[in-house]
Amino acid sequence: MPSATTILQFAVLGCLVGSVYALMGVGLSLLYGVSRILNFAHGTIFALGAYAYYYMASTLFTPWLALLLVVPLGFLIGSIVYWLLLTPVTGGHLQRPNDYMIVITIALAVVIEKGIILALGAEVLRPPSLVNGSVAFAGLEIAMDRIVGFVGAGVLVGLLALAVRFSAI
């Protein structure tokens with residue numbers, strides 16, 4: 001049976017990593033709620049951005065600069081996907097555009113995923129940390145970059161909630 005410390009470690013790390021997944025889920029929910037686009041490629045586009053961050057932060061730039069460059073890059077990729085692949089489907093001439101959007105985004109997800117595996121392999125890559133160091137909490141050592149990710153995800157979810165609440169979306 002695992003010790004109490006091991007269980008606590010898994011719980012804390014699960015919450016920290018889960019906050020980033022929650023941010024992705026909020027983005028997907030917002031995308032569907034506002035534009036009625038069910039994008040099954042959402043996660044793989046996120047992964048593409050993560051690999052771009054890894055490459056930029058490992059070879060070209062500092063981690064913070066790489067993060068600032070990857071966010072607009074992700075927006076650009078999402079916009080290109082929308083305009084090239086989804087706009088023709090939502091033009092009003094098809095009887096069931098949602099079915100076509102689902103097929104297109106699933107196919108795109110498969111293409112991106114297999115392209116990443118072919119280009120970079122399937123091993124886990126760890127980029128340089130945004131913030132070095134760790135914090136001791138209840139006998140655990142928690143990496144500062146995980147805490148920054150948790151706080152950043154919370155702030156972004158809060159800002160998105162405010163934007164939806166006080167806008168005409």
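Predicted model: local features only at pLDDT ≥ 70, side-chain atom pairs only at ≥ 80, totals over all residues.
Which helices do the buried residues of helix 2 pack against? They pack against helix 3 (63-86) and helix 4.

**Helix 2**

- Helix 2 has 19 residues and covers residues 42-60.
- From the first C-alpha of helix 2 to its last the distance is 26 Å, close to the 27 Å expected at 1.5 Å a residue.
- Its buried residues are Thr44, Ile45, Gly49, Ala52, Tyr53, Met56 and Ala57.
- Thr44 has a relative accessibility of 14%, so Thr44 counts as buried, the cut-off being under 20%.
- Beyond the neighbours within four places in sequence, Thr44 is in contact with Ala109, Ile112 and Glu113.
- Ile45, with residues up to four places away in sequence not counted, touches Asn39, Ile77, Val81 and Ile112.

**Nonpolar cores**

- The largest nonpolar core has 7 residues: Ala41, Ile45, Val81, Leu108, Ala109, Ile112 and Ile116.
- Helix 4 (residues 97-120) supplies the largest share of this core, with 4 residues.
- Another core, of 6 residues, lies apart from the largest one and includes Tyr53, Met56, Ala57 and Val70.
- Tyr53, Met56 and Ala57 are also among the buried residues of helix 2.

**Helix 2 and helix 3**

- The axes of helix 2 and helix 3 come within 9 Å and cross at roughly 145 degrees.
- This crossing is right-handed.
- On the helix 2 side, the residues that meet helix 3 are Ile45, Leu48, Gly49, Ala52, Tyr53, Met56 and Ala57.
- On the helix 3 side, they are met by Pro63, Ala66, Leu67, Leu69, Val70, Leu73, Ile77 and Val81.

**Helix 1 and helix 2**

- Helix 1 (residues 4-35) and helix 2 have axes that come within 10 Å and cross at roughly 130 degrees.
- The two helices are therefore oblique to each other, and their crossing is right-handed.
- Val20, Met24, Gly27, Leu28 and Leu31 of helix 1 meet His42, Gly43 and Phe46 of helix 2.

**Helix 1 and helix 5**

- Helix 1 also packs with helix 5 (residues 144-165), at an angle of about 30 degrees and with the axes 9 Å apart.
- Angles under 35 degrees count as roughly parallel, and helix 1 and helix 5 are therefore roughly parallel to each other.
- The crossing of helix 1 and helix 5 is left-handed.
- Helix 1 contributes Leu13, Cys15, Leu16, Val17, Ser19, Val20, Leu23, Val26 and Leu30 to this contact.
- Helix 5 contributes Arg146, Gly149, Phe150, Ala153, Leu156, Val157, Leu160 and Val164.
- Val20 of helix 1 takes part in this contact and also in the one with helix 2.

**Helix 4**

- Helix 4 has 24 residues, which should span 34 Å at 1.5 Å a residue, and its end C-alpha atoms are 34 Å apart, in agreement.
- The buried residues of helix 4 are Met101, Thr105, Leu108, Ala109, Ile112 and Ile116.
- Helix 2 and helix 3 are included in what covers these buried residues.
- Ala109 and Ile112 of helix 4 are buried, belong to the largest nonpolar core, and are in contact with Thr44.
- After helix 4 comes Gly121, with a positive phi near 90 degrees.

Note on methods. Residues numbered from 1 in each chain as written. Heavy atoms only, no water. Buried < 20%, exposed > 50% of the residue type's maximum accessible area, 1.4 Å probe, protein only. Contact = heavy atoms within 4.5 Å. Core = buried A, V, L, I, M, F, W, Y, C linked by side-chain atoms within 4.5 Å. Expected span 1.5 Å × (residues − 1). Axes fitted to C-alpha atoms, helices over the stretch in contact; angles between N-to-C directions. Parallel < 35°, antiparallel > 145°, perpendicular 65-115°, else oblique. Left-handed = near helix turned anticlockwise from the far one by under 90°.
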